[in-house]
Amino acid sequence: MSQYVIWFSELRMTDVGEVGGKNASLGEMISQLTEAGVRVPNGFATTATAFREFMHHENLDRRIQDLLTQLDTDDVTALATAGATIREWITETPFPEKLHRAIADAFQQMQDEHGTQVAVAVRSSATAEDLPDASFAGQQETFLNVRGLDDVLHTVKEVFASLYNDRAISYRVHRQFEHSEVALSAGIQRMVRSDLGASGVTFTLDTESGFRDVVFITGAYGLGETVVQGAVNPDEIYVYKPALAAGRHAILSRTLGTKPIKMVYAEDGERVRIVDVDPAERSRFCLTDPQLHELARHAVTIEKHYRRPMDIEWALDGEDQHIYIVQARPETVESRNNAQSMERYRLKTRDAKVIITGRAIGQRIGAGRARIVHSVDEMAHVQPGDVLVTDMTDPNWEPVMKRAAAIVTNRGGRTCHAAIIARELGIPAVVGCGDATEQIGDGDDVTVSCAEGDTGKIYNGKLEFDVFKTDISTMPEIPVKIAMNVGNPGRAFAFASIPNAGVGLARLEFIISGTIGIHPKALIEFDQQTGEVQRAIEDKIAGYDDPVSFYVEKLAEGIATIGAAFAPKPVIVRMSDFKSNEYASLLAGDRYEPQEENPMIGFRGASRYVSESFRECFELECKALKKVRDDMGLTNVQIMVPFARTVKEAAKVIDLLAENGLRRGDNDLKIMMMCEIPSNAVLAEEFLEHFDGFSIGSNDLTQLTLGLDRDSGLVASAFDERDAAVKKMLHMAIQACRAKGKYVGICGQGPSDYPDLAEWLVEEGIGSLSLNPDTVVDTWLHLASKVE
């Protein structure tokens, strides 16, 4: 178009040097992906040539260079003063006449096409931005709902000035970029009416583990700045790429965000304003299932085009109900991680006091003195090694964030500014805690743990922790398959990167207690609950159609997440095995559970499933499993029946599963039995007539063989899976399976705790050892050393 401005539709990625990665990417998508259904609002970009001519104007660049040459960027006060001075110089310098005219002519064309009141966003795009080895994302300013030529011209200068905000200056020094080598392009793009709809950020991988088979979507109502800045806790959704490609239901999991506020257009001279979200809207997801699938398909299309994981900003127009892509750039943190080595953090103690929790960012642990910082003016209080605790962060906080041992915020989701920078810096962060600045004392020693799943925890005191680093690039061959025990779906993507042969035990109990928290019977009989219980249930099931759907969907989400993480490897899901006292601890559970003297050998497992009082609850588990296998196509998910005391009881469960659409052999369904009662080993051949194999539960098998309660400290010293009587039972079960050519594995604690027991099991010919994830590599290498 000219040497000063170029329309997005005329740009390609080859133009990065002239308009920066962000603007070049917009042009690339408009020209290459429009036919594939990806909608990108058009606009134009100022060029690097335009920026440099402006910076030469009135010796502006020379004055800036002289000031920065003598600056110590570690002095946050001096940095703030210098940055403010430079930004004022830029905004007060007039445009050269030719540049002024070029911008005015281009904006006039936009007005001719969209009307004189067209609203535009004016965004920055650095010419070194979003390249594989750098991430300038979020450093420069974005201005929304800009109207009229005068406002456009002013905001373009503001964008140019933002190249010299505190974080941008510090980042270039830290990464050894010359200030004069980075130019800025301003993108002027037609606004999508997401103020009437929703918006957010999408990644084409899991941002915490780097798992590539998912699209991670975050979103909230209104303009997207609230999500990017971390001003709201957004909805978070995972979509499974293989199911999406197959045209199946592909939503793996959903977490409802609080979304209390939204950013909308202002009408009083300001560009935007913050308003409260109606409570009814807060309790709904901001995108429907069809919209989530559409957005995920666009994300995959963009990823395939660029041939790398992408970080994408999207907007739902509240007027035309179309989804638009307003930015797309390479994901620059997890995609660079080394998959050939494994680093694990683990606290040495498990009984420390938890002060507060939030969303975990990363998988590390950090400890230090807490510093409560209420505004950017107080940044100098944070010293190297401190834990930064604040409401939320923005680009101006970066110089002090790199000093911190960890970061804790009241607000924000996993794609907010604090989360992005924490990942980039490689430090743990816990975001969206609610009131961390109130609960944590300034100057108190704290430990921030992101090594325990999706939930990040802030503990009182400086706790000791271990860091394990292991090379997993070439694991030696061993004569047994090593699988994992996985209960927490939030850890599944990370665990999948550990060498494994699948999941030998996926527990439903964690999903029921940790995610659902309500007795299934109370959900079925919702209308019969007290008003107080009904209100508690309604709060918990927000975003889902009804109480029963909530239970089924949440079970399915947890199962599907584990199944997808390890696909196509087998994932053996044990149906619920809560004891009566454990079920009673759930909301409204005491209404439905009996008082038992010894719940360990009471109303649990198979006997529950076939009882009239629990059968409806069991059928909900069946619905969830059927959805995961049949609707989502995760046929690697297998079923395991626990605590079947008699062959007759086992046969009844098999029949009940079949009545609920889960028949052995259909759609390659395998049904295992948990071999954990002496009768299972003694009558192994008879039990195996009804099952495809055994998974040995050595914990219960040991206590029932030796006649002791493993929960009793009085007899705990006698509990040993290596006892001769227990080994006799193990031998009987293993050999019966081998004789019938059926699967046999073990998922109890024994092989994780005792390498010598693992050796013996291999000698017996067991097919699989399912271990706790933190013992997989060590046990694997130990067995390999014995083979050698």
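Trainee: How many residues of strand β10 (residues 261-265) are buried?

Mentor: This is a predicted model, where local features need pLDDT of at least 70, side-chain atom pairs count only at pLDDT 80 or more, and totals for chains, interfaces and linings use all residues. Residues are numbered from 1 along each chain as its sequence is written, and side-chain values use heavy atoms, leaving out hydrogens and water. Helices (H or I, at least four residues) and strands (E, at least two) are DSSP runs, numbered from the N terminus. Buried means under 20% relative accessible area, exposed over 50%, partly exposed in between (1.4 Å probe, protein chains only), and for the mostly covered β10 the buried count is 5 of its 5 residues.

Trainee: Which residue in the turn between β10 and β11 has a positive phi?

Mentor: Two strands pair if DSSP finds at least two bridges between them, and β10 pairs with strand β11 (residues 272-276) in the antiparallel sense over 5 bridges. Within that pairing, M263 is opposite I274. The two strands form a hairpin with 6 residues between them, and the turn residue with a positive phi, about 95 degrees, is G269.

Trainee: In what order do the 7 strands close into a barrel?

Mentor: Strand β15 (residues 354-361) and strand β19 (residues 429-431) are antiparallel over 3 bridges, whereas β18 and β19 are parallel over 2 bridges. Strand β17 (residues 387-390) also runs parallel to β18, over 4 bridges. The pairing is mixed, and the order is β15-β19-β18-β17-β16-β20-β21.

Trainee: Which residue of β19 stands opposite I407?

Mentor: I407 belongs to strand β18 (residues 406-409), where I407 and T409 are buried on one side and A406 and V408 on the other. T409 faces T390. In β19, R359 has V431 as its bridge partner, while the residue opposite I407 is A429.

Trainee: Is Q111 buried or exposed?

Mentor: Q111 lies in helix α5 (residues 97-114). Contact means heavy atoms within 4.5 Å, and leaving aside residues up to four places away in sequence, Q111 touches T116 and V118. Its relative accessible area is 14%, so Q111 counts as buried.

Trainee: Why is α4 called roughly antiparallel to α6?

Mentor: Axes are lines fitted to C-alpha atoms, for helices over the stretch in contact, and angles run from 0 to 180 degrees between N-to-C directions. Angles under 35 degrees count as roughly parallel, over 145 as roughly antiparallel, 65 to 115 as roughly perpendicular and the rest as oblique. The axes of helix α4 (residues 76-92) and helix α6 (residues 149-161) come within 9 Å. The label applies because they cross at roughly 150 degrees.

Trainee: How many charged residues are in the contact of α27 with α29?

Mentor: Helix α27 (residues 724-740) and helix α29 (residues 755-764) pack at about 35 degrees, with axes 10 Å apart. The residues that meet include K727 and R738 in α27 and E764 in α29. Ala, Val, Leu, Ile, Met, Phe, Trp, Tyr, Cys and Pro count as nonpolar, Asp, Glu, Lys and Arg as charged, and the others, Gly among them, as polar. The contact has 5 nonpolar and 2 polar residues, and its charged residues number 3.

Trainee: Which residue just after α16 takes a positive phi?

Mentor: Helix α16 (residues 508-516) has as its buried residues L508, E509, I511, I512 and I516. Just after the helix, the residue with a positive phi of about 70 degrees is G517.
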